[in-house]
Amino acid sequence: MVSTTAALVVALSLIPLLYLLIRAAQKPVNESIALLVRVKTLEVVGTTALLVLMVVLLTGFFGLVIAAGLHFLELPAKPWLVIPAVLPLAIPSYVFTYTWIAFAPGFSGFFAAVLILFLTTLPYVTLASLAGFARVDASQIEVARSLGLTYPKTFFKVVLPQIKTHLSGGLLLAGLYTMSDFGAVSLLNVDTLTVTIQNMYRASYDRTAAAVISLVLIVLSALFVFADENIRRKQQAGVAIKTTTIKSALIKRSSYVATTSALIGVYAVLAIVIPVYVLLSRFFSNTVEISWQLLLQASFSTITVALLGALIALLLSIPLGILLTERSNRFSQFSSRLILIAHALPGVVVGLALVSFGSKLGPIYQSTFLLAFAYSLLFLAKSIASMSASLRAVPTGAKEVAATLGLNRWLVLKNVVTPIAFPGIALGAVLVFLTAMKELPATLMLRPTGFETLATQIWSYAAINRFNEAAPYALILILIAAIPTFILSRPDKSDRNKTNAELVG
Amino acid sequence: MGKVVRVGFITALVLSLISGCSFGAPNSEQVSELTIYSGRSEKFISPFFTQFTEQTGIKLNVRYADSAELAAQILEEGSNSSADVFLAQDAGSLGAVSAANLFTQLSTDVANQIPAKFNQAQRNWVGVTARVRVFAYDPKRVKTLPKSISDLTKPIYKDQIGIAPTNSSFQAFLTAVIESKGRAFAKSWLSSLRANGVKIYPKNSVIVEAIDKGEIPLGLVNHYYTWEVAEALGRQINVVNGYFEPGDLGNLINLSGAGVLKSSKKQDAAIGLINFLTSPASQKQFVEQTHEYSPIPSIQPPANLPALDLIGSPAIDLGSLKNIRQTQDLLIEVGLL
């Protein structure tokens, strides 16, 4: 049953890939080869790979440091500090980039793109590391400390190995996002594969050539996903588990506290204050009357369809999640990898694939449901990546013990696996929600005609340079995004309450 | 609870089936709504749609998106497209849909005010507004104005010029250069321009903003961006439009236009919308509100702008500007794309 459902999910998620293969096959082979081996393609592949590499390195380092600070240090107003560390996730990349260009004239080129994409994707790594830290066995830290290990040594020897899977899940998402991004790189004049793909649609309406280049992107993405798998495999699965939820004592060392606070502060300035400042100054330098009704309507539409998308993504990822925990066989691993690889595709490709299939479905085409479904397919990888990192942290021993104690399959899943994997599952759902809210290319193609979301409204004003009129919509988007971010920022608390309740019960 | 959900689901299913059936409405005067795919932005075009609805009682469902992406979407939808009318910002997007044979051929009494040279030859689509390529410049910093595009490669303009090579209007202009002067000329012009330190920008509007900020003194854009940027910033900007000598390729005229989808079951109503947009009243409104030119010769040019025939646009058949692919390849070859 579960396997069949999982197979169905995989089939659905492969629609974009299937579409690309069909379109690419329509191009004569010699033309495709000429396209692939031309110098420009090779250059673009090089630029894309280098961009991904730099973004992954930067986000890996800073994400880890910030998350560690947030988790292990005694920081003032801690839950509030998580918000600026995560919120930039909700700012659409074209708004982000445009505000930077407006702020710093001449801001352009490869390193500008590295900076913007680093700023945009840092939350993926911060959040994934936080989810990992939440599962780190505190007693081991105590032991390491009592044996005289310094904090940094304890971190590298005891903590880091335990969160490696989470970290790599976050890096995977950051890298795949970088590959698929169009907004930032196009505005900054950096030629990546997505820019080439988009140019092929935009200026030459050549869908087959775009499909061929998309397949190159898929290959690059596959290399990236498998490299990540190799790193993970070197680690033993499920080595540690928090046996109790006793938290390690928070560290109060002032130099650490100052460094973390400064890092978050600088990040907040670069990734939130500057965009918001530019938007507000545009708004106040040329104020327009805000249509509250439209604003409210767009907010409501955005929340509804993004929530529905997150829910569908969650439902779709469950069968694969179960398969990955119960019998992590070739099929389940291969499927989850395929879904991750396809995540590098830019929204316009996925959008067109769904237009191609969806337009044959009659009334379902361009319905709210199909749009939500598109979100779930676009962002299924976020759900899977976050979930599987947590699932890997579930020790096989715990499952076996539970089974020998007479718990059946569902009870093991419910009472043993789900509580341990919960932070990852919740993280996945929130990531889908946050990114669906700002999704643009697929939304433009698949929304019901006349249905406007915050992202489409921002786009429609930004396209004609009316950033003053786009500002209210962008600010509301950021405010709405703050809510799930805030809830997510307190996993420790909900975790503790639940376990206490369980202990009492 | 489960039952309620199930009943609700079935009701929804039945309702959606019923509503699904109704969209095969016959081609008659009972048409109550039309679906428009619009590459023109909501802000500027929606007042026209409102007026159309007021006059005819036909409700318009409008999908706003980028012209090129809407064209790609229509190509994917094929005969299943839900669009009745496609309204695009550039001739290229319309050309792509037309080449796929998805537009209805319009008879000569449709949009009959628009001169033939501003329509596609087979009348698969018709021009709605015209825009002129110009050089926008900072009057305080540019003392000697260029007379032709060849002047731009001279030393006095070194590091002075901004272009947007990914922009479809720029590519249409370059296609015209290739078509009329040959690829070799276009290539050497682009290479000299590059050697002359031309600066690359993502969009026309960003070029105009860069001139206003003093980043560059001069840039190649469409004429209406000086208004669009000033209106967006809510203040006067330090940028004016300049024209090359009459007949120079730098003064190319581009079109925005519209076509009716073959798959539309509401051909008459769709044609009604096109006639409405090309009527003298609507045309005057375009000129006043969006500062674009009307292709109808009797309609005055936008305020403070020279008439189209005074600018002296090059004699180029807009239908010949399809070969954007070759243009892109050239841009790639000289390293500008």
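Me: What does R23(A) form a salt bridge with?
Reply: E76(B). The closest N and O atoms are 2.8 Å apart in this predicted model. A salt bridge here is a side-chain nitrogen of Lys or Arg within 4 Å of a carboxyl oxygen of Asp or Glu.

Me: Where do R23(A) and E76(B) lie?
Reply: R23(A) lies in helix α2 (residues 15–25) of chain A and E76(B) in helix α3 of chain B, so the pair joins two chains. Helices (H or I, at least four residues) and strands (E, at least two) are DSSP runs, numbered from the N terminus.

Me: How many salt bridges between chain B and chain A?
Reply: Five. Over all chains the count is 15. Another salt bridge pairs E209(B) with R282(A), with the closest N and O atoms 3.3 Å apart.

Me: How much area do chain B and chain A bury between them?
Reply: About 4200 Å², with 51% of it on carbon and sulfur atoms. Buried area is the accessible area (1.4 Å probe) that two parts lose on being put together, summed over both.

Me: Which three residues supply 17% of the area that chain B buries against chain A?
Reply: R63(B), E69(B) and E76(B), more than any other three residues.

Me: And how many residues does the contact take from each chain?
Reply: 50 from chain B and 56 from chain A. Contact means heavy atoms within 4.5 Å.

Me: Switching to helices. How do α7 and α9 of chain A pack?
Reply: Helix α7 (residues 110–133) and helix α9 (residues 151–180) pack at about 140°, with axes 8 Å apart. Axes are lines fitted to C-alpha atoms, for helices over the stretch in contact, and angles run from 0 to 180 degrees between N-to-C directions.

Me: What residues make that contact?
Reply: Among them are L117(A), Y124(A) and F133(A) of α7(A), and F155(A), H166(A) and Y177(A) of α9(A).

Me: Where does N101(B) lie?
Reply: In the loop between α4 (91–99) and β4 (126–137) of chain B. R123(B) is placed in the loop between α4 and β4 too.

How values were computed:
Residues numbered from 1 in each chain as written. Chains lettered and ligands numbered in written order. Predicted model: local features only at pLDDT ≥ 70, side-chain atom pairs only at ≥ 80, totals over all residues. Heavy atoms only, no water.
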